[in-house]
Amino acid sequence: MAEVRLENVKKLYGQKVAIRDVSFTCKEGEFFSILGPTGAGKSTILKMIAGIEPVTSGMIYFNNRPMNAVPPQQRGVSMAFETYNLYPHFTAYENIAFPLRSPRRQEKLTPAEERRRVTEIAEFLGIEKLLEKRPQHLSGGEKQRVSLARALVREADVYLLDEPIAHLDAKLRFSTQALLKEFATNYGSTIVYVTHDYREALALSDTLLILRKGLVEQCGAPEDIYYRPATDFVGRLVGEPPMNLIDGELVSHDGATYFKAGNDFSVRLRDDLVALAEKVAVREGGRRFVRLGIRSEDIAVSRENNGEQSFQLPIYAVVHEVETSVLTFELEKSFLYVRVGGDGKLSDYRLSEPVWLSFNPDRMFFYVKTVEISKG
Amino acid sequence: MSRIDCEHVWKVYAGGTVGVRDLSFTCNNGEFLAILGPSGSGKSSTLRMLAGLEDITQGKILFDGRVVNDLSPAERNVALAFESYALYHRLSVYENIAFPLRARGFKDRDVDKAVRSIAETLDLTSILKKTPSELAGGHQQRVSLARALVRRPNVILLDEPLSHMDQRVRVDLRARIRRIHEDLKNTTIYVTHDQAEATALCDRLLILHGAELQQIGTVDEVWNSPTNKFVAQFVGEPGMNFVPGKIDAPGQVSIQTQDGRVAFEFSGEVAPEYIGREVTIGIRPQQIRLVPTEGHGTIAAMVRLLEFRGESTILTLELPDADRTRVKAVIPAGLKRHQGEKCWLEFPPTAIHLFNEEEKAIIHRRDATGSST
């Protein structure tokens, strides 16, 4: 097992900047995820750690040893690719066994021992019945699990997993996610994991790095990322429904400060929130523009007015989840989502019914605007 | 708008593969019905037979009481949106959406009004002049959806219409699709493998597995009274937990542990022949309660894994039975638990499900409305 450290790593493809400046430490035995949208540079980072892409500048260390000049096969990494990279003329068994047969391995396995290991990982991932098939006879999800098994079958200092369960259908993705977590927990492996799915990242990681256009947007424990998103981008990326973002301005009168958006929406801010909002407000012509962020579960819904903290909107749509419902409201050309229920009963809210909404002041965030809010 | 009846419908493909086996159901006028199942369960075959794109091997499909088996898709007046977009790549987005209206001889003014209205609802106004090839997959799918929803057909058939969109857009479009349905009350059949999406949108769920109907009912019915283990496991994320047990007496089931039997009370009734028999106990992860101390009807468990989900955490717990059965429990994110921690689980009597060897549900319960399940 190894600690992986990146220091000011930069990557250019010709003139195109893929990684602007990334530094982080993945501790020994840690499950470290990199989450970001397509094109953020996630796979590039993984390939640089593996050594199959050189860094343009900056340093990569394993246990404080510089790796930049070490060829991939000597780095002690095991990688699963999103595109599987299976050998088409080999069976699933032979594909999985391949890393165990590497001539560089010091310890030669007996055929019985090899079979035991391949079978064990195949059973763990639920693909033991596919072992004699060739890749062309496997579905995308099956190929992906073979590829994952091949990466996990041998001991490695670092496992590098690039979207390893993205092509599984929803049910299987969740159960395989739990298996990955179990693998990491049981073996204490160092894993660097790339995904665009925030649910995987939250569920699996000890530490989660949010990557945006080749830069680190936030890095921390999943709870930090979820409860204290550093930017509007992080708030939008993590959580479903996505964090509500409302653009408005701070307006003060009679000793109180309000957050106002459009003509209909105004909510009085507690003093500590005013201070936070002031810090990030953009001042233009004596006005203070600011973006408010709040998660759908931090807004309370009621048929009664709860005072200055609350405001009224008609319900645009009600979408049920099994135990909760998500109410949708139209606000300033965008949607506001509010999660209600949780008592196992479907809510009895009706379409177009005006209801009162109150924002939990402890769960309100103010941001500089860095993402466009568009409908959809 | 139409009522749809499927009567003993079969689809057998060349070579004898059964795509759909003896399927009967009704979709009421104005209803939003989701057909849910894993891949290969027969959902798309069913939809294609409803659309008229696929022959019916045996059985009848009726729209408003009239057999439509031999009618073409156009004659059935159905609107379709498929997972693969099937857009006209040389036409603009506008003309793609307008196509079904023009094909029916609508006047330009009416076409324009309808296209702009649905484009506004689905947030496509800014891309009406583009061609499909200039759009990302998610946007192409949205155009396909707009084309299906632009007119008032007898039936709207949607096959995984949101599958290529990122999750943020999916959340947004679920709200829009539901709103369109509330406003227009079109009879809509929606095929998906995603139980969360089906739950979000539909009035009733129809669940298929292995080409056969498993259950049809409202989300509440399917959630509270799944007819078999497959449905119990498939609907809900995580799905229902299963633990081997034995019915000791009416209203009492027990689990054998290393320290003896732990008994749980369950509400409802089972047929007398099940008393004394081995069964499978089902309990939803969302309905397991963690309690601080041992008590009547509690079972010990060890926390093996934690998966943080934001608003909640999924625990994987190991029970002290012979198989060391693992169950999952969903707890509010505020409750802190740790790996290796011992805790006590309570299964509320109304949350216990029992299944026989054929994996069928065997508890009869009367709900508040008095209907037997």
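A: Domain bounds come from an automatic or database domain assignment. On that basis, chain A is divided into domain 1 (4-237) and domain 2 (244-367). This is a predicted model, in which local features need pLDDT of at least 70 and side-chain atom pairs count only at pLDDT 80 or more, while totals for chains, interfaces and linings use all residues. Residues are numbered from 1 along each chain as its sequence is written, with chains lettered from A and ligands numbered from 1 in the order in which they are written.

The C-alpha centres of domain 1 and domain 2 of chain A are 39 Å apart. Five residues from each of these two domains of chain A take part in their contact, where contact means C-beta atoms, placed from the backbone, within 7 Å.

Strands (E, at least two residues) and helices (H or I, at least four) are DSSP runs, numbered from the N terminus; two strands pair if DSSP finds at least two bridges between them. The sheet is open and has six strands in the order 6-7-8-3-9-10, with mixed pairing. Its edges are strand 6 (78-81) and strand 10 (212-218) of chain B, each pairing on one side only.

Within this sheet, strand 7 (residues 155-159) and strand 8 (residues 187-192) of chain B run parallel and are joined by five bridges. B:Ile156 is placed opposite B:Thr188 of strand 8.
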